[in-house]
Amino acid sequence: MTATQDRISSLREQLVAWRRHLHMNPEVGFHEHQTAAFIEAELKKMPGLTVTRPTATSVLATLKGGKPGRTVLLRADIDALPIHEENTFEFASKNEGVMHACGHDGHTAILLGTAKLLSEHPQDVPGEVRMIFQHAEEIGPGGAEELVMETDLMDGVDVVTGLHLNSQLPAGMVAVKPGAFMAAPDMLELTIKGRGGHGAHPEEAVDPIAVGAQVVTNLQHVVSRHVGAQDALVISITYFRSGTTHNVIPDTAQLMGTVRTFDPALREQAPKLIERVVKGVCEAHGATYDLRYEFGYRPLINTDWVAAQLKDIALETVGAEHFQDAKPTMGGEDFSAYLEKAPGAYFNVGSGSDDADSRWPHHHPRFTLDETSLETGVRMLHAAALKLTGPQGT
């Protein structure tokens, strides 16, 4: 075992303690006041770090190394989700209706551990390492967009990286992919306006539920009949609400959904295709509609050379038996905002195991982590900080 591995292993209890404290005290996006205060206090215990608050609920730690080199940004997201936790372990959420159900508590603990390691040996670090504990990843337009557009965080940054724990990968695995990795998560809201009436006499009404059902069915034809089979597009209607009782045809129906794609041109085309279907179905049945379409985060496209270096780092750090090429996912991530300003890559670290009952999907009320994944995350980010700040060519 190397000296660095020994140091990371010695952090095991601290990583778990940080993660469990954060898990017990979750806060949703733009309200992470206690979370940010905790992170700031922990960072100020570490020598050699300059700790600042770019926004009210984000924290930045900066380390200037002992050698010339690049400026690298490492990122962890810190916000939780509005989910009622169903886990019963002793460190379950104490904040009713709020839960770390996506691993951000683990991401934060990993970056705190990385900061501690780097701060103990700044002479080993080329260049400059900025470590951003970012607020509001789960809420659009996203904390990354605010940091990129309204602060000087990205000024002089040469490369950016970060990780996401993944419960569907075995703990200890690392997965990296060049190019398109995560989709743009766009959103639609649709109100179908019919004409209410008695449930016994539908001929006298315009039933928005029947129209809405046709809209849902026909929107799937956008994917299957208007988009090439080689192009990825997902349209999911996830909310359909209408009516008050069993014998009244209502006036309106409300629908919401998400639209996911990687390709910018297809992303621009999607709302036009969707509205064409909505308009045609509504007109055919005598209904009208209001459609609101909102573009979310950009697709996350990893820079090839950074992804290649992260793969090399993983092979050196965890070994070929713990590495796999990542598959693209239709999930969204506001890490894409950083990639508008600097080359970079985002990667996965496995956090799932049957022993830890941590195979639950992200955003599930039983979601949790195999905490051995925290050490893997620190090993990767620490090695990435040292290599990516260095003088290696692209």
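Biologist: What span should helix H2 have at 1.5 Å a residue, and how far apart are its end C-alpha atoms?
Modeller: The 13 residues of helix H2 (residues 12-24) should span 18 Å, and the end C-alpha atoms are 19 Å apart, which agrees. The expected span is 1.5 Å times one less than the number of residues. Helices (H or I, at least four residues) and strands (E, at least two) are DSSP runs, numbered from the N terminus.

Biologist: Good to know. What should I keep in mind about the model and the numbering?
Modeller: This is a predicted model, where local features need pLDDT of at least 70 and side-chain atom pairs count only at pLDDT 80 or more, while totals for chains, interfaces and linings use all residues. Residues are numbered from 1 along each chain as its sequence is written, and side-chain values use heavy atoms, with hydrogens and water left out.

Biologist: Back to H2, then. Which of its residues are buried?
Modeller: Leu15, Val16, Trp18, Arg19, Leu22 and His23 are buried in H2. Buried means under 20% relative accessible area, exposed means over 50%, and partly exposed is in between (1.4 Å probe, protein chains only).

Biologist: Where do they sit around the helix axis?
Modeller: Seen down the axis of H2, the buried residues fall within an arc of 160°, so they line one face of the helix. The arc is taken from the directions from the helix axis to the C-beta atoms. As background, an α-helix has 3.6 residues a turn, so residues three or four places apart point the same way.

Biologist: And what do those buried residues pack against?
Modeller: They pack against helix H3 (33-43), helix H4 (104-120) and helix H9 (373-388). Contact here means heavy atoms within 4.5 Å.

Biologist: Changing topic: how many salt bridges are there?
Modeller: A search of the whole structure finds 23. The rule asks for a side-chain nitrogen of Lys or Arg within 4 Å of a carboxyl oxygen of Asp or Glu.

Biologist: Which residue does Glu40 bridge to?
Modeller: Glu40 pairs with Arg53, with the closest N and O atoms 2.7 Å apart. That pair links distant parts of the chain, 13 residues apart: Glu40 is in helix H3, and Arg53 is in the loop between strand E1 (50-52) and strand E2 (59-64).

Biologist: Is Glu40 buried or exposed?
Modeller: Glu40 is buried, with a relative accessible area of 17%, whereas Arg53 counts as partly exposed at 30%.

Biologist: What about Glu128 and Arg130?
Modeller: Their side chains meet in a salt bridge (2.7 Å, N to O). Glu128 is buried at 11% relative accessible area, and Arg130 counts as buried at 12%.

Biologist: Nice. How many aromatic pairs are there?
Modeller: Four. One of them is Phe89 with Phe91, a stacked pair at 4.1 Å centre to centre and 15° between the planes. Rings of Phe, Tyr and Trp (its six-membered ring) pair if their centres lie within 6.5 Å; planes under 30 degrees apart count as stacked, over 60 as edge-to-face and the rest as tilted. Phe89 is partly exposed at 26%, while Phe91 counts as buried at 8%.

Biologist: Which residues form a ring cluster?
Modeller: Phe335, Tyr338 and Tyr346, linked by ring pairs.
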